[in-house]
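Please keep the sequence and the structure at hand while reading the solutions.

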Amino acid sequence: MKLVIVESPAKATTIGKFLGSDYTVRASFGHVRDLPKSASEIPASVKSAPWARLGVNVDDDFNAIYVVQKESRKHIAELKELCKKADEIILATDEDREGESISWHLLEVLKPKVPVKRIAFHEITRSAIDEAMRQPRDVNDQLVRAQETRRILDRLFGYELSPVLWRKVRGKLSAGRVQSVALRLVVEREEERRAFMKAAYFDAEATLSREGKSFKAVLTSLDGKRIASGKDFDADTGRLKAAEQERLVWLREDDVNALVNKMTAALPWKVTRVDQKETRTRPYPPFITSTLQQAASAMFGFSPRKTMQVAQRLYEGVNLGDGSREGLITYMRTDSVALSEKALQDAGNYICGQFGEEYHKRRQYTTKSKMAQEAHEAIRPTQMDRPPQAVTAFLSKDELRLYELVWRRALASQMADAVVLRTSVDIESADADHRAELRANGSVVVFPGFMRVSRDKQRDGELPAIKEGMTVGREEAADIQLGSLEPVSHETQPPARFTEASLVKRLEEEGIGRPSTYAPTVSVIQQRGYVDRIGSALAPTFLGIAVILLLRKHFSDYVDLSFTARMEDTLDNIAEGRQDWLRFIKEFYYGDVEADISGLKPRIEASIESIEYPAIPIGMDDAGQEIVVRLGKSSPFIQRGEGGSENIASIPEKVYYDELSVEKALDLLEKKAKGEDGLGKCPKTQETVYLLEGPYGPYVQLGEAAAGTKPKRTSLPRGMKPETVTLEQALQLLELPRRLGEHPDTGKPVDVGLGRFGPYVVHDGDFRSLDPSNLFTVTLDEALAMLAQPKKGRASKKLIRSLGVKPDSETAVELYEGRYGPYVTDGETNASLPKSMAVEEVTLDEALPLLAQAAEKKGTRKKPAKKRAATKKKATTKKKSSAAKSKRSGN
């Protein structure tokens with residue numbers, strides 16, 4: 001028997017169908033070993049070592065201490081048993097560095113006594129697997145060393161810098177070699193947005209028509225000077241860039257209104273130039289990891305993580321209905337745009353057969369990026385002649401959309417250029433004072449070329465036939481009719497926040513990270529609470545900004561873009577055997593005095609005591625007092641000057657740094673001060689009633705907080721605006737829950753209250769929702785009538801989808817939408833989804849750890865005192881019974 005080991009069960013199933021009965025294909029279920037993740041995983045033999053928490057022996061050539069992961073032990077045990085029966089072992093993990101590393105770890109753990117071969121392939125098809133079997137090789141030690149160097153480097157970076165954040169910012173934070181740079185990009189974009197000065201400017205647009213065809217012409221120049229557009233303004237001042245002022249006209253509202261009137265009075269206008277030229281548009285190269293993620297985001301709104309999950313399924317294999325199963329796309333973690341010779345030939349044959357030879361243009365793209373190290377080919381269909389309609393019946397909606405995207409891009413890359421005829425028409429309006437010029441643009445596709453497949457469209461429509469000397473007017477005799485001439489207002493916009501896809505693009509452009517790290521990096525900065533996702537945009541939280549301010553000030557090299565990119569180059573050099581890994585790690589960690597290289601560890605030791613708690617600058621008030629944002633235990637707050645109760649205010653949720661101006665900060669401080677003045681006195685207690693703003697919204701409070709006591713507080717119900725709240729309303733809120741009377745049938749109380757889900761009436765544990773407008777006016781009779789009505793069916797759990805079956809069992813794992821949000825369950829244990837995990841992206845591999853953690857908490861949860869006593873009593877009774885039994889038996 002020959003044992004083939006791959007990473008995932010899906011991949012094992014597909015490959016198993018290609019191989020005969022002599023082969024057994026099993027999955028390792030991903031990585032089998034890693035550095036210790038917690039103190040409990042550190043081997044007892046090294047626990048007392050000063051470097052033990054790192055999992056890396058920094059005193060002995062940075063030897064890594066690897067441990068088999070808890071979730072992998074069962075799979076390793078099964079693989080060891082199979083190894084005993086095997087005549088040969090074939091390692092068939094992915095072809096990139098990560099896959100090579102998994103193969104190496106498997107060898108280290110399994111210690112097989114039979115021959116071992118390593119095979120690599122770019123697609124999971126019968127021909128690819130057969131070819132890989134004919135060309136086995138050994139595990140590539142250089143690729144392994146590069147991957148292990150990356151792992152050690154990331155561990156040292158995270159485990160040395162994270163404690164700095166714990167001490168100086170907040171506990172349980174983390175720094176990461178790539179994640180911190182990604183966060184810096186997001187934070188600095190927010191700083192640019194905050195510093196941005198808007199500018200308003202105008203132009204004009206004419207609606208024209210000829211021979212029944214309507215088109216637009218835009219004002220482009222006045223008296224020989226170009227009309228200013230958004231690109232001509234300085235982001236820091238909101239004014240025209242100094243170098244452009246002499247060559248441009250900045251039209252304000254009054255200017256353009258006057259100009260429109262003059263141009264209308266100067267009719268007819270005249271066509272002064274018609275220019276036509278043929279242009280060629282080339283297709284894009286086939287997808288690499290980053291461009292696939294960007295395209296899927298733009299077309300379908302997929303996150304990078306979801307794109308990779310769907311692509312993984314297409315790569316690992318799909319059942320095709322006739323009993324066969326194979327991968328539909330090639331390996332999806334790649335930064336090479338090259339295509340194999342067979343793919344080029346197959347694409348050519350399909351294009352010539354479907355569209356004609358004139359549509360085919362053989363192209364072999366070369367990768368411009370210096371990063372192209374991970375794999376040997378672009379992402380493409382495994383069969384170039386398999387259009388989407390051929391697999392529609394076997395794919396989910398998302399799988400089909402992504403497959404079609406990959407197929408169209410790869411096929412289009414081998415097609416002829418599109419030929420487009422572009423036309424521009426200049427129209428002049430002149431009077432005694434001014435000469436204004438408008439321009440109309442149009443285009444028509446002469447030969448579609450690759451557009452037959454890519455579905456690209458031209459932005460400009462086709463213009464009617466126009467010649468120089470034609471007139472424009474409102475008279476019937478005019479060659480071109482003017483429908484309207486209207487001023488158009490514009491405002492410069494701050495740079496857009498990064499989306500997940502545009503952040504991946506920027507990381508790739510800067511040479512930071514590799515295809516396998518893009519999606520995890522973008523996910524982790526959200527999971528850590530450093531970044532919020534607003535729609536599709538990424539906004540840094542104040543926590544994320546504080547972390548970057550500290551790292552940028554005290555450890556600037558380690559979050560520098562070029563420094564991080566150079567480290568990636570070094571890892572590439574290690575993979576190619578051109579650089580010594582140990583020397584690189586030593587210089588990074590300890591430094592090199594002779595080479596004037598400062599190491600991470602000595603820099604932390606030298607600066608840790610001088611690092612101050614980060615304050616996020618907002619600006620100065622009129623009195624010259626500095627206003628900053630500081631992080632509280634649970635939420636950020638504004639501080640003016642030295643602080644104190646009158647100079648601090650909570651920041652409401654969903655207020656981000658780019659909109660927190662000095663004026664906004666002063667407004668929050670003023671609102672808090674007014675709230676602290678109070679709405680008035682409570683007639684019963686003579687305590688002041690306050691209206692305050694907290695991190696979770698506005699609320700009213702009775703009296704002041706005192707040591708050991710918490711004043712009564714009530715949140716404002718939805719729809720009630722703080723500025724309209726009166727003392728009477730505040731007192732009514734503070735009286736909640738309010739007794740309406742007794743139920744005539746039971747004699748038990750009927751109350752009205754305000755809860756987590758809004759206003760309600762309740763009797764003996766029986767609740768009914770109440771319209772917020774009736775919160776203060778509802779009567780006992782009305783409440784009794786509501787309670788008499790059948791309760792509206794509570795939203796029961798709703799099955800979203802089944803995620804699969806637990807490994808080595810028949811237990812289904814399912815994803816549900818419940819009353820309190822989405823959760824996964826195996827029938828015995830439920831686990832809520834973290835807020836950072838999108839419902840549409842959850843996989844079985846992600847659900848299993850959530851269930852394991854929930855089950856562990858379930859098993860270790862403290863029992864109530866009565867139950868603990870009962871359990872203890874039961875155990876004591878059992879112990880006594882056993883002792884008595886032992887005594888009777890003579891033992």
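A residue is called buried here if its relative accessible area is under 20%. The model is predicted.

**Exercise 1.** Determine which parts are tied together by the aromatic pair of phenylalanine 62 and tyrosine 589, and state whether these two residues are buried or exposed.

*Solution.* Step one is the setting: the structure holds 17 aromatic pairs. Among them, phenylalanine 62 and tyrosine 589 form an edge-to-face pair, with 5.8 Å centre to centre and 85° between the planes. Step two places the partners: because phenylalanine 62 lies in the loop between strand E4 (56-57) and strand E5 (63-64), whereas tyrosine 589 belongs to helix H17 (residues 581-590), the pair ties together parts that are 527 residues apart in sequence. Step three applies the cut-off, by which both phenylalanine 62 and tyrosine 589 are buried.

**Exercise 2.** Carry out the analysis for tyrosine 350 and tryptophan 407, and name the helices in which they lie.

*Solution.* The rings of tyrosine 350 and tryptophan 407 also form an edge-to-face pair, at 6.0 Å centre to centre and with 80° between the planes. Tyrosine 350 lies in helix H10 (residues 341-355) and tryptophan 407 in helix H11, so this pair ties together parts that are 57 residues apart in sequence. Tyrosine 350 and tryptophan 407 are both buried. As a further step, one may look for a cluster linked by ring pairs, which is made up of Phe157, Tyr558, Phe563 and Phe588.

**Exercise 3.** Describe how helix H9 packs against helix H11.

*Solution.* Begin with the geometry: helix H9 (residues 304-316) and helix H11 (residues 397-412) pack at an angle of about 85°, and their axes are 10 Å apart. Since angles of 65 to 115 degrees count as roughly perpendicular, H9 is roughly perpendicular to H11. Next come the residues that make the contact, which are Lys306, Thr307, Val310, Ala311, Arg313 and Leu314 on H9, and Asp398, Glu399, Leu402 and Tyr403 on H11. Sorted by class, the contact of H9 with H11 has five nonpolar, one polar and four charged residues.

**Exercise 4.** Explain why strand E38 is described as largely enclosed, and identify its hairpins.

*Solution.* Four of the five residues of strand E38 (residues 821-825) are buried, so this strand is largely enclosed by the rest of the structure. On one hand, E38 forms a hairpin with E37, with two residues between them, and leucine 815 stands opposite valine 824 in E38. On the other, E38 forms a hairpin with E39, with four residues between them, where glycine 827 in the turn has a positive phi of about 95°.

How values were computed: Residues are numbered from 1 along each chain as its sequence is written. This is a predicted model: local features need pLDDT of at least 70, side-chain atom pairs count only at pLDDT 80 or more; totals for chains, interfaces and linings use all residues. Side-chain values use heavy atoms; hydrogens and water are left out. Buried means under 20% relative accessible area, exposed over 50%, partly exposed in between (1.4 Å probe, protein chains only). Two strands pair if DSSP finds at least two bridges between them. Axes are lines fitted to C-alpha atoms, for helices over the stretch in contact, and angles run from 0 to 180 degrees between N-to-C directions. Angles under 35 degrees count as roughly parallel, over 145 as roughly antiparallel, 65 to 115 as roughly perpendicular and the rest as oblique. Contact means heavy atoms within 4.5 Å. Ala, Val, Leu, Ile, Met, Phe, Trp, Tyr, Cys and Pro count as nonpolar, Asp, Glu, Lys and Arg as charged, and the others, Gly among them, as polar. Rings of Phe, Tyr and Trp (its six-membered ring) pair if their centres lie within 6.5 Å; planes under 30 degrees apart count as stacked, over 60 as edge-to-face and the rest as tilted.
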